[in-house]
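Biologist: I have the sequence and the 3D view open and would like to go through them with you. Let's take it one question at a time.

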Amino acid sequence: MLRSAPCAVLTVDPSGVIVQLNDAARLLLDVPPGERLTDAVPAWLADARRSPEGAVAQGPIGDRVFEAHAVPESTTPGSPAPTIWWLLDVTERERSAFLAEASDELQTSLNLERCMEVTARLAARHLADAAVVVVPRSGRGHPVTSCGPDGRVEHQKLLIDPTEVEGLADAMRGYPPVPPRWIDPRTVPAWIARPAPADLAAIVVVALPGHGVPAGALVLLRRSGFSAGEELTARLFASRAGAVLSAARLYAEQASITATLMRELLPPSTYELDGAELAARYRPAGDEDLVGGDFYDVYPAGTTEPLVVLGDVCGKGLEAAVLTGKIRNTLRALLPMADDHRRVLELLNGALLHGDETRFVTLVLASVRRRDAQVRLRLTSAGHPAPLIVRTDGTIETADTAGSLIGVLEDIDSTTAEIALDPGDSCLLYTDGITEAVGGPLGDEMFGDARLRAQLARCGGMPPEALVERVHMLAAEWVGARRHDDMAVIAITAPHVRPGGDT
């Protein structure tokens, strides 16, 4: 009945001799009855005779993977019973399980180094005794990740020549896959052979195909060659790893480009003004955003006196941030004429009117100069809330400046106010994200100008860092977790005079 069974079946007597095989077992094992099990089958199957009853053994036979299930044959009670071994081909199941595991682990991150680590570790564990992943050149070298038999992963950036390893240069260029070519370990550079065991027999390079760009190459180091089934598994794994690595590489390149551009959009992190103290705080509308429509810039003294700019572009998010970048670059080009606020605003207005943007901007320009113990300011508002002066005694004054929006009309109006700050006095520049922050006990009330002035009356004499932090904290607490506009605050303070006249 078992002769024509679709799977391999063999009967082994208690002494370990094969007494019967069906047709599938004869074809698989190529042994006749009467052979001892230890001489006729792979070691894992021979060792399975000593396993506890009901245990399932698994291992390779040729290029396939099999499970061995033992069933005692019915005999006369009290006499030793032969064992019937059923050999079930589980190659596809094992391959599917490995590829599913690989897909799950590879897709946990878009970090290139992490993806290289997972690729090398999985390949060393399932496909070879050691593995090396090489991806295209980045900067001054090729990122290389290797994993040895102990599972330890090493990341390096190496100056290598791919042509020194047969097949590596083609794989790195993304050429169509070719059958793996086994390489003599004695011919490869040390950086490839280093993670391999001492009895290394062969090395093969497998291309990692990407999504339209070369993803790199996987180098497998083995004590023995590939079977046809193992080669197929390696190719399927390489296709999955290559897709993830190419996505991670593109993500890394895009993130680098974004970071480079973002540096031009972010507010300055350091502030230097001759003879005045300055602090600033910025909070974009979205918690996940770094930039938005509010911006500020600080230009130290050069050919003109130091200039501080605070602005608010119509809108929020990245589109508004792009326009703020254009405005900041334009203002930087206009610095030689910064002594004339009206002229600067007229030229900026013309640039916005004749550009592709339809958004407008409000601005405050503050020119700063030190005169003895005082700090003198020239303040010009262009459609923006007028700056507030916080005296050391808690008196709050509004700078007498006003002007037109920039980027709306051909002709603009502007009025410049001149303010003197005594030691400890501060000038507060802020965007309407502070006063128009909606929240409070019922969640529907604006913070408002009156509430801001009342709070500032308690802040007389504060250092600029404490003052901007206080204003920012008040607005943030008022809003809570609700949606809000961008918020920006700057404080310019006249330094306190210490005994002896020093500041």
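Biologist: Is tryptophan 478 buried or exposed?
Modeller: Keep in mind that this is a predicted model, where local features need pLDDT of at least 70, side-chain atom pairs count only at pLDDT 80 or more, and totals for chains, interfaces and linings use all residues. Residues are numbered from 1 along each chain as its sequence is written, and side-chain values use heavy atoms, leaving out hydrogens and water. Buried means under 20% relative accessible area, exposed over 50%, and partly exposed in between (1.4 Å probe, protein chains only). Tryptophan 478 has a relative accessible area of 14%, so the word for tryptophan 478 is buried.

Biologist: How many aromatic pairs does a search of the whole structure find?
Modeller: Rings of Phe, Tyr and Trp (its six-membered ring) pair if their centres lie within 6.5 Å; planes under 30 degrees apart count as stacked, over 60 as edge-to-face and the rest as tilted. With that rule, the number of aromatic pairs in the whole structure is 2.

Biologist: What kind of pair do phenylalanine 447 and tryptophan 478 form?
Modeller: Their ring centres are 5.7 Å apart. Because the planes make 70°, the pair counts as edge-to-face.

Biologist: How many residues apart are the parts of the chain that this pair links?
Modeller: Helices (H or I, at least four residues) and strands (E, at least two) are DSSP runs, numbered from the N terminus. Phenylalanine 447 sits in the loop between strand 22 (445–446) and helix 12 (449–456), while tryptophan 478 belongs to helix 13 (residues 464–479). Those are distant parts of the chain, and the separation in residues is 31.

Biologist: What is the N to O distance in the salt bridge of glutamate 101 and arginine 125?
Modeller: A salt bridge is a side-chain nitrogen of Lys or Arg within 4 Å of a carboxyl oxygen of Asp or Glu. Side chains of opposite charge can pair when their charged atoms come close. For glutamate 101 and arginine 125, the N to O distance is 3.0 Å.

Biologist: How many residues apart in sequence are the parts that glutamate 101 and arginine 125 tie together?
Modeller: Glutamate 101 is in helix 4 (residues 91–106) and arginine 125 in helix 5 (residues 112–126), so the pair ties together two helices. Glutamate 101 is partly exposed at 27%, and arginine 125 is partly exposed at 47%. In sequence, the residues separating the tied parts number 24.

Biologist: Which helix holds both glutamate 117 and arginine 114?
Modeller: These two side chains also meet in a salt bridge, at 3.8 Å from N to O. They are 3 residues apart, about one turn of the helix, and the helix is helix 5.

Biologist: Are arginine 378 and glutamate 305 buried or exposed?
Modeller: The side chains of arginine 378 and glutamate 305 form a salt bridge of 2.7 Å, N to O. Arginine 378 lies in strand 16 (residues 374–382) and glutamate 305 in the loop between strand 13 (294–299) and strand 14 (307–313), so the bridge ties together parts 73 residues apart in sequence. Both partners are buried.

Biologist: Which residue stands opposite threonine 11 in strand 2?
Modeller: The bridges joining strand 1 to strand 2 number 3. In strand 2, the residue opposite threonine 11 is glutamine 20.

Biologist: Which side chain makes a polar contact with the side chain of threonine 416?
Modeller: Threonine 416 is in strand 19 (residues 416–421) and is partly exposed at 36% relative accessibility. Leaving out residues up to four places away in sequence, its contacts (heavy atoms within 4.5 Å) include His341, Arg378 and Asp400. A polar contact is a pair of N or O atoms within 3.5 Å; within protein, one must be able to donate a hydrogen and the other to accept it, and residues adjacent in sequence count only if both atoms are side-chain atoms. At 2.6 Å, the partner side chain is that of threonine 380.

Methods. Pairing = 2+ DSSP bridges.
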